[in-house]
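Here are my notes on this one, point by point. Have a look at the model first, then read on.

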Amino acid sequence: MEGLNSASRAWAIQVQGLTKSLGSHLTLRGIDLEVRQGEFVVIFGPNGAGKTTLIKVLATIMNPSSGRVLVDGLNLKNDAEEIRRRIGVVTHQTFLYSNLTAYENLEFYCRMYDVPRGKERIDEVVAIVGMTSRLYDRVGTLSRGMQQRLSIARSLLHKPAIMLLDEPETGLDQQAISMLREALQTEREGKRTIILTTHSLERGLELGDRLLILDKGKIVYEGSRQALDLAGLKQAYQHSTRVGA
Amino acid sequence: MRFWRKVIAIAWKDTLSEVRTKETVSSVLVFTLLVIVIFNFAFGTSQETMVLVAPGILWVTFAFAGVLSLNRSFILEKEEGCLEGLMVCPISRETIYVGKLLGSLLFMLVIEAIALPIFAFLFNLVLSLQLVVITVLATVGFVTVGTLFSALAVNTRAREMVLPILFLPIVVPVIICAVKASGLALSGEPWGSLSSWLQIIVAFDAIFLVVSFLVFAFVIEE
């Protein structure tokens, strides 16, 4: 039993036979995935491939229809609340209230996550994303790029061991995307486990240790960054999604 | 204690957001006052008629004002994409439910605190402690059921229509009891004659609070 526990601890995420139905549609069709602690995994896939659903299941927003999911050694079915404490989630939605200031939003999430010395931590995370000067502005007055930076700050408040990023660059301009990339590189140095879904093959290849392609609810390709260049990845993507079609 | 800290944080966040925009409070308040004024003109100045129709007018007004405000409770979270933000916080789903309930209750009570004196003034009625107690107890029942159905309706396409269709049939017992008890209170009856109606409202509040608390997680997750 001890052996099993220590084995689970080596993995940040273990997914076995995960399926998820949305209505009559089977969105995830038996996903098997293991992510080591500190690993940066990038998931590509066309629209409707199941990327967002997979992230939502891992983030405990959705319950799996079947299969076994362990996050940081904790079972999704029994320990969802504790899992949420260990993950940070960034999506194209910012989870920020537009009528509250940036500070009020972060303060609210500090309370939700029981962040000790919230004020200091807020100062730290807004400095990471370069938003200190706009801390007391209402979120509704910030540009999309600034809101997304703030969303990253929100996700870092409680120092999560695992980051789940679902197409975080959607709607961002080039400058904001560069900032996001820098923030992710910084986080990577911090040895956080990161799972990123994106449509951008270039960005994914640049950031990820391991690259997966998801199509029609199944992982159809898996490879390491070292083994691929951009042309190879594009070829693999086109081949995998065509075969799946 | 941690549970209540988070509940209060959610209710505070909703209140602060509403104080900033005054979107819902202004529309609900205008609706409430308009209905009271229109009915006041419709039924003339006869005191006997007023005592007879006032309870019905009051609770029709509060019921529809409740639908308007409860509709916004989860729709705003959904529109801002923040519902999932709450769902990834390390809190139980029940914490979200009680937090939203508390925010909506506070909101409804503020509307009623403004509307009741105006109602009493226009209908030439005495605003008694009995009427205040009836209002608070019935509002708890309203908001308890309304918060649950608001969460249910938010994932449907015609969300603004779904809430009243689901909510009003369920709260009919509370509305009937509140109308009856208010009628007795406005007629100057003692507490004893109201007690059976109040007991039904309290029982409704307790039952639906427990049921809503237990089923909320299933409602919000799928």
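1. A quick definition before we start: two residues are in contact if their C-beta atoms, placed from the backbone, lie within 7 Å. Keep in mind that this is a predicted model.

2. Let's begin with B:Val174. Setting aside neighbours within four places in sequence, B:Val174 has contacts with B:Ala138, B:Gly141, B:Phe142, B:Ile201 and B:Phe204. B:Val174 also turns up among the residues that touch the most other members of the largest nonpolar core.

3. On that core: it holds 138 residues. Alongside B:Val174, the residues touching the most other members are A:Leu58, A:Leu150, A:Ala153, A:Leu164 and B:Ala178. The biggest contribution to this core is from H6(B), which gives 13 residues.

4. Next, the helix pair in chain B. Helix H6 (residues 129-153) of chain B and helix H7 (residues 159-186) of chain B have axes that come within 9 Å and cross at roughly 170°. With angles over 145 degrees counting as roughly antiparallel, that crossing makes H6(B) roughly antiparallel to H7(B). Sorted by class, their contact has 19 nonpolar, five polar and one charged residues.

5. Finally, where the chains meet. How many residues of chain A are in contact with chain B? There are 20, and they touch 20 residues of chain B. On the chain A side, helix H3 (80-86) and helix H4 (102-112) each supply at least two residues. H4(A) has the largest share, with four residues. By class, that side of chain A has nine nonpolar, six polar and five charged residues.

Conventions:
Residues numbered from 1 in each chain as written. Chains lettered and ligands numbered in written order. Predicted model: local features only at pLDDT ≥ 70, side-chain atom pairs only at ≥ 80, totals over all residues. Axes fitted to C-alpha atoms, helices over the stretch in contact; angles between N-to-C directions. Parallel < 35°, antiparallel > 145°, perpendicular 65-115°, else oblique. Nonpolar A, V, L, I, M, F, W, Y, C, P; charged D, E, K, R; others polar. Core = buried A, V, L, I, M, F, W, Y, C linked by C-beta atoms within 7 Å. Buried ≥ 20, exposed ≤ 12 C-beta atoms within 10 Å, placed from the backbone.
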